[in-house]
Amino acid sequence: MREKLQRFMMGRYGNDGLNRFLMIVALVCLVISLFGPSFFYMLGLIIMGYAYFRMFSRQTYKRALENQKFYAKRFFKICVK
């Protein structure tokens with residue numbers, strides 16, 4: 001089973017920092033939806049879907065650029081403070 005998963009993921013982008021951030025945001029939205037409006041539930045599902053889209057994408061160059069932009073904005077905000 002592990003070999004099948006490795007073969008499936010060959011040529012795909014995989015997980016990165018932006019995906020981890022998106023998954024955390026999606027989880028927070030899903031938890032908020034337990035106590036608040038259902039809008040957060042749909043938002044969490046959409047964010048999670050985008051994270052999985054990025055993970056299974058074969059356009060590795062575009063996903064790497066997105067990740068670099070995310071880190072550039074994130075580190076810029078930390079350095080400015």
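How many buried residues does helix α1 (residues 2–9) have among its 8 residues? The close-ups below start there. This is a predicted model, in which local features need pLDDT of at least 70 and side-chain atom pairs count only at pLDDT 80 or more, while totals for chains, interfaces and linings use all residues. Residues are numbered from 1 along each chain as its sequence is written, and side-chain values use heavy atoms, leaving out hydrogens and water.

**View 1. Helix α1 is hardly covered.** The count of buried residues in α1 is 0, where buried means under 20% relative accessible area, exposed over 50%, and partly exposed in between (1.4 Å probe, protein chains only). Helices here are DSSP runs (H or I, at least four residues), numbered from the N terminus. Just after α1, look for G11, which takes a positive phi of about 85°.

**View 2. Helices α2 (residues 17–35) and α3 (residues 39–56) cross at roughly 160°.** Their axes come within 8 Å; these axes are lines fitted to C-alpha atoms over the stretch in contact, with angles from 0 to 180 degrees between N-to-C directions. The two helices are therefore roughly antiparallel, a label for angles over 145 degrees. Residues of α2, including L22, C29 and S33, meet residues of α3, among them F40, I47 and R54; contact means heavy atoms within 4.5 Å. By class, this contact has 17 nonpolar, 3 polar and 1 charged residues, with Ala, Val, Leu, Ile, Met, Phe, Trp, Tyr, Cys and Pro counted as nonpolar, Asp, Glu, Lys and Arg as charged, and the others, Gly among them, as polar.

**View 3. The largest nonpolar core has 7 residues.** Find L18, L22, A26, C29, I47, A51 and F70. A nonpolar core is a set of buried Ala, Val, Leu, Ile, Met, Phe, Trp, Tyr and Cys residues joined through side-chain atoms within 4.5 Å. Helix α2 gives the most to this core, with 4 residues. L18 also touches R54, E66, N67 and F70, not counting residues up to four places away in sequence.

**View 4. M55 sits in helix α3.** This residue is buried, with a relative accessible area of 15%. Leaving aside neighbours within four places in sequence, M55 is in contact with M9, R12, Y13, G14, N15 and N19. The C-alpha atoms of M55 and Y13 are 5.5 Å apart, though 42 residues separate them along the chain.

**View 5. F21 lies in helix α2.** F21 is partly exposed, with a relative accessible area of 41%. Its C-alpha atom is separated by 9.7 Å from that of F70, 49 residues away along the chain.

Note on methods:
Parallel < 35°, antiparallel > 145°, perpendicular 65-115°, else oblique.
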